[in-house]
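Welcome! Take a moment to look over the protein below before reading on.

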Amino acid sequence: MYLRKTLSIVVLALAIAIVLPVLRADEANQAIKVNFSQPVQIPGKILPTGTYWIQLAQTGAPDVVQIFSEQHELIATLFTISRERQDPTGPGAFVFAKPGDGKAQAIVAWFYPNRTEGHEFVYPETERQELARGTKLNVVAGD
């Protein structure tokens, strides 16, 4: 039991270190600058350690999220579904899943600061099943 609790604390601490939002940008497109201190998975690819911009696509569709490099080069355009949480937190929040076998943690959902409605990433069926079996981590990331 002690080992499991210790492991949970270590995993949570690691997850907090993974995502450190740096700056909130435009409220309209929910743009947020985020720094990942280790690789993370999104549908279809792995993002290496680094700084990224995550925002709603300029199409106006609330279910399309885009990820850009720090230099604003488009990396991915992803479909999402709406995801609710009980209470908004001041800073943004991410939900990660750890699929196991040494794979990078996957971003399951993203919540813009002070919002209860967020964006759950749509993974292919096989990945979704694997992530559903993995450990879930909710990481609140402050400015």
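This report walks through the core, the salt bridges, a pocket and a surface patch.

## A predicted model

Please keep in mind that this is a predicted model.

## The nonpolar core

Let us begin on the inside. The largest nonpolar core has 28 residues, and those that touch the most other members are Phe 36, Ile 54, Ile 107 and Trp 110. Seen by element, two or more core residues come from each of the strands E2 (32–36), E3 (40–42), E5 (50–56), E6 (64–69), E7 (74–84), E8 (92–98) and E9 (105–111). Strand E9 gives the largest share, six residues. As a general background, nonpolar side chains in soluble globular proteins tend to be buried together.

Now find Tyr 112, in the loop between E9 and E10. Is Tyr 112 buried or exposed? Its relative accessibility is 1%, and buried means under 20%, so Tyr 112 counts as buried. The C-alpha atoms of Tyr 112 and Ile 54 are 9.6 Å apart, although 58 residues separate the two along the chain.

## Three salt bridges

How many salt bridges are there? The count is three. In one of them, the side chains of Lys 33 and Glu 70 meet at 3.6 Å, N to O. This pair links distant parts of the chain, as Lys 33 is in strand E2 and Glu 70 in the loop between E6 and E7, 37 residues apart. Lys 33 counts as buried, at 17% relative accessibility, while Glu 70 counts as partly exposed, at 37%.

Another salt bridge joins Glu 120 and Arg 83, with 3.5 Å from N to O. Because Glu 120 lies in strand E10 and Arg 83 in strand E7, the pair ties together parts that are 37 residues apart in sequence. Then there is Arg 128 with Glu 125, whose closest N and O atoms are 2.0 Å apart. These two residues are three apart in helix H2, so about one helical turn separates them.

## The largest pocket

Two of those charged residues turn up again here. The largest pocket has a volume of about 150 Å³. Its lining is made of 10 residues, and Val 108, Glu 120, Phe 121, Tyr 123 and Arg 128 lie nearest its centre. Both E10 and H2 supply at least two lining residues, and the largest share, three residues, comes from H2.

Phe 79, Ile 81 and Val 122 make a nonpolar surface patch of about 290 Å². Val 122 sits in the loop between strand E10 (117–121) and helix H2 (125–133). With a relative accessible area of 38%, Val 122 is partly exposed.

Conventions:
Residues are numbered from 1 along each chain as its sequence is written. This is a predicted model: local features need pLDDT of at least 70, side-chain atom pairs count only at pLDDT 80 or more; totals for chains, interfaces and linings use all residues. Side-chain values use heavy atoms; hydrogens and water are left out. Patches are made of residues with over 30% relative accessible area and no salt bridge: like charges are joined within 9 Å, nonpolar side chains (Val, Leu, Ile, Met, Phe, Trp, Tyr) within 5 Å. Accessible areas come from the Shrake-Rupley method with a 1.4 Å probe; for residues, only the protein chains shown count as cover. A salt bridge is a side-chain nitrogen of Lys or Arg within 4 Å of a carboxyl oxygen of Asp or Glu. Helices (H or I, at least four residues) and strands (E, at least two) are DSSP runs, numbered from the N terminus. Buried means under 20% relative accessible area, exposed over 50%, partly exposed in between (1.4 Å probe, protein chains only). A nonpolar core is a set of buried Ala, Val, Leu, Ile, Met, Phe, Trp, Tyr and Cys residues joined through side-chain atoms within 4.5 Å. On a 1 Å grid over the protein atoms alone, a cavity is a set of points where a 1.4 Å probe fits but cannot get out, and a pocket is an open set with protein on both sides within 12 Å along at least five of seven lines; lining residues have an atom within 4 Å of a point. Grid points are joined across faces, edges and corners, and a volume is the space filled by probe spheres set on the points.
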